[in-house]
Amino acid sequence: MLTQKVAQAKSIVVADYSGTSVKDQVTLRSAIKKAGGEVIVAKNTLIDLAIGKGKLIDSLQGMNAAVFSYADPVAPVKALFEFQKKNEKLTIKQGFMDDRVLSQDEVVSLSKLPSKNELIAKLLMILNSPATSLVNVLQAGPRNLVYALNAVAEKKK
């Protein structure tokens with residue numbers, strides 16, 4: 001089951017959740033789920049075997065949870081960091097993405113990237129911009145003519 005989740009995940013982040021209350025963990029799970037991810041608490045050896053023996057051995061000590069990102073590799077990581085800002089007891093250790101282990105700094109950088117939806121919105125805005133500019137240019141001629149005619153009419157009054 002855990003190996004299937006690893007295969008489906010676009011990114012995985014390991015975090016130490018010791019010191020967080022059950023209420024905090026429920027809040028975290030809810031936020032991650034809304035962002036299109038999942039929080040799994042499993043034995044460190046099972047997480048290690050699912051990801052690949054020894055790849056995350058440095059961070060798999062203590063009470064750890066794995067945050068899996070399915071649809072968008074960034075959104076659940078952002079949700080995890082937002083939760084960490086409010087609850088400093090949570091420690092982000094390492095990540096895993098595209099068969100590559102990510103250091104804590106790389107996971108922080110990943111969390112600062114725009115999400116898939118934000119990138120789509122920016123792309124649509126960029127694609128729509130030339131059309132909007134063209135419409136403004138095409139409307140400028142008649143609009144300026146109307147202004148000139150109004151100015152002439154005002155002078156004759």
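**Close-up 1. The loop between β4 and β5 in this predicted model holds Asp98 and Asp99.** Asp98 lies in this loop and has a positive phi of about 50°, although it is not a glycine. With a relative accessibility of 67%, Asp98 counts as exposed, because the cut-off for exposed is over 50%. Asp99 lies in the loop between β4 and β5 as well. Its phi is also positive, at about 55°, and Asp99 is not a glycine either. A relative accessibility of 66% places Asp99 among the exposed residues. Along the chain, Asp99 and Pro114 are 15 residues apart, and 22 Å separates their C-alpha atoms.

**Close-up 2. Strands β4 and β5 run antiparallel.** The two strands are joined by three bridges. In one of the pairings, Met97 has Arg100 of β5 as its bridge partner. In general, the strands of a sheet pair through backbone hydrogen bonds, and the pairing can be parallel or antiparallel.

**Close-up 3. Five strands form an open sheet.** The strand order is β2-β3-β1-β4-β5, and the pairing is antiparallel. At the edges are β2, residues 37–41, and β5, residues 100–102, each of which pairs on one side only. On average, neighbouring strands of this sheet are turned by 20° against each other, with direction ignored. Helix α2, made of residues 22–34, lies across β2 and β3. The angle at which α2 runs to β2 is about 145°.

**Close-up 4. Helix α3, residues 44–51, has a set of buried residues.** These are Asn44, Ile47, Asp48, Ala50 and Ile51. Viewed down the axis of α3, the buried residues fall within an arc of 165°, so they line one face of the helix. The face turned away from this buried side carries Thr45 and Leu49, which are exposed. Just after α3 comes Gly52, which takes a positive phi of about 140°.

**Close-up 5. The buried residues of α3 pack against one helix, α1, and against strands including β1.** Helix α1 spans 2–8 and strand β1 spans 11–16. The other strands that the buried residues of α3 pack against are β3 (64–69) and β4 (91–97). The sheet order places β1 between β3 and β4.

**Close-up 6. Helices α4 and α5 pack at an angle of about 105°.** Helix α4 consists of residues 75–86 and helix α5 of residues 104–111. Their axes are 8 Å apart. Angles of 65 to 115 degrees count as roughly perpendicular, and α4 and α5 are therefore roughly perpendicular to each other. On the α4 side, the contact is made by Val77, Lys78 and Phe81. On the α5 side, Val107, Val108, Leu110 and Ser111 take part. By class, the residues of this contact are five nonpolar, one polar and one charged.

Conventions
Residues are numbered from 1 along each chain as its sequence is written. This is a predicted model: local features need pLDDT of at least 70, side-chain atom pairs count only at pLDDT 80 or more; totals for chains, interfaces and linings use all residues. Side-chain values use heavy atoms; hydrogens and water are left out. Buried means under 20% relative accessible area, exposed over 50%, partly exposed in between (1.4 Å probe, protein chains only). Helices (H or I, at least four residues) and strands (E, at least two) are DSSP runs, numbered from the N terminus. The arc is that of the directions from the helix axis to the C-beta atoms. Contact means heavy atoms within 4.5 Å. Two strands pair if DSSP finds at least two bridges between them. Axes are lines fitted to C-alpha atoms, for helices over the stretch in contact, and angles run from 0 to 180 degrees between N-to-C directions. Angles under 35 degrees count as roughly parallel, over 145 as roughly antiparallel, 65 to 115 as roughly perpendicular and the rest as oblique. Ala, Val, Leu, Ile, Met, Phe, Trp, Tyr, Cys and Pro count as nonpolar, Asp, Glu, Lys and Arg as charged, and the others, Gly among them, as polar.
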